[in-house]
Amino acid sequence: MPSMLSRYNELYAHLDHLLNTDPALAVTQAREIDLDTPERPSLMNLRASILVDGGALTQQQDAIEEGLALFRELVSLVPTANVTYNLANGLIAATGMPPFDPSWLDHQERTREYRAQARQCFWKVAQDVDANPSLRTQAWTNLANQFRNSFRLGEAHDARLAALEIDPKNGVAAFCAARDLLWLFEQGGCSDLT
């Protein structure tokens with residue numbers, strides 16, 4: 001009889017494969033995961049992750065919201081940096097990307113609460129010195145992206161520098177910092193030294 005860990009790993013591999021090949025089916029099968037087991041927290045995390053990621057891929061807002069509800073419950077049961085980080089990413093998936101057209105402000109107003117909650121979660125993980133450094137640098141980078149999407153460029157730059165302080169090889173943080181500085185320079189918003 002396979003161990004619980006091996007069954008979990010098989011289920012994870014199966015659903016992860018479906019996310020890449022048939023995300024709608026991944027969402028359907030994630031909803032069928034039985035959570036009434038001793039492994040409830042692990043299965044909740046798996047179900048929530050698949051619902052959020054699959055919901056984002058298939059534009060099923062109800063799946064994303066269902067995953068968010070599970071992450072919120074999980075944070076109250078197992079308040080780890082990993083779970084908090086996953087909740088933050090779920091909140092960002094629920095808001096979607098801000099449009100770069102005249103509807104930007106309307107989008108920002110509609111998603112204000114979720115974006116604020118996501119920033120709080122990313123901040124909590126970034127400040128957690130006991131968290132994995134890789135997770136902390138990702139949290140800083142994602143926090144920076146949220147600041148940039150709201151045109152809070154100074155805060156975005158500070159967050160990227162914090163990410164790079166933890167991991168100088170964080171290519172996303174380095175690229176985005178350089179991109180934003182170049183954009184500011186082209187706008188006439190920086191000195192030649194910048």
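The largest nonpolar core of this predicted model has 47 residues, and Ile50, Phe122 and Trp140 touch the most other members. Here a nonpolar core is a set of buried Ala, Val, Leu, Ile, Met, Phe, Trp, Tyr and Cys residues joined through side-chain atoms within 4.5 Å, and buried means under 20% relative accessible area, with a 1.4 Å probe and protein chains only. Two or more residues each are given to this core by α1 (4–21), α2, α3, α4 (61–77), α5 (81–95), α7 (112–127), α8 and α9; helices are DSSP runs of H or I, at least four residues long, numbered from the N terminus. The largest share, 8 residues, comes from α5. In soluble globular proteins, nonpolar side chains tend to be buried together.

Let's start with isoleucine 50. Setting aside residues up to four places away in sequence, Ile50 touches Leu15, Asp16, Leu19, Ala26, Val27, Ala30 and Gly55, where contact means heavy atoms within 4.5 Å.

Helix α2 (residues 23–31) and helix α3 (residues 40–58) have axes that come within 8 Å and cross at roughly 150 degrees; axes are lines fitted to C-alpha atoms over the stretch in contact, and angles run from 0 to 180 degrees between N-to-C directions. The two helices are therefore roughly antiparallel to each other, a label for angles over 145 degrees. From α2, the contact uses Pro23, Ala24, Ala26, Val27, Ala30 and Arg31, and from α3 it uses Arg47, Ile50, Leu51, Gly54, Gly55, Leu57 and Thr58. These residues divide into 8 nonpolar, 3 polar and 2 charged; Ala, Val, Leu, Ile, Met, Phe, Trp, Tyr, Cys and Pro count as nonpolar, Asp, Glu, Lys and Arg as charged, and the others, Gly among them, as polar.

Next, follow Trp140 to another pair. Helix α8 (residues 133–149) and helix α9 (residues 153–166) pack at an angle of about 165 degrees, with axes 8 Å apart. That makes α8 roughly antiparallel to α9. Among the α8 residues that meet α9 are Trp140, Ala144 and Phe147, and their partners in α9 include Leu153, Ala159 and Ile166. By class, this contact has 10 nonpolar, 3 polar and 4 charged residues.

Finally, asparagine 149 also lies in α8. With 16% relative accessibility, Asn149 counts as buried. Leaving aside neighbours within four places in sequence, Asn149 is in contact with Pro98, Trp104 and Gln108.

A note on conventions: residues are numbered from 1 along each chain as its sequence is written, and side-chain values use heavy atoms, leaving out hydrogens and water. In this predicted model, local features need pLDDT of at least 70 and side-chain atom pairs count only at pLDDT 80 or more, while totals for chains, interfaces and linings use all residues.

Note on methods. Parallel < 35°, antiparallel > 145°, perpendicular 65-115°, else oblique. Buried < 20%, exposed > 50% of the residue type's maximum accessible area, 1.4 Å probe, protein only.
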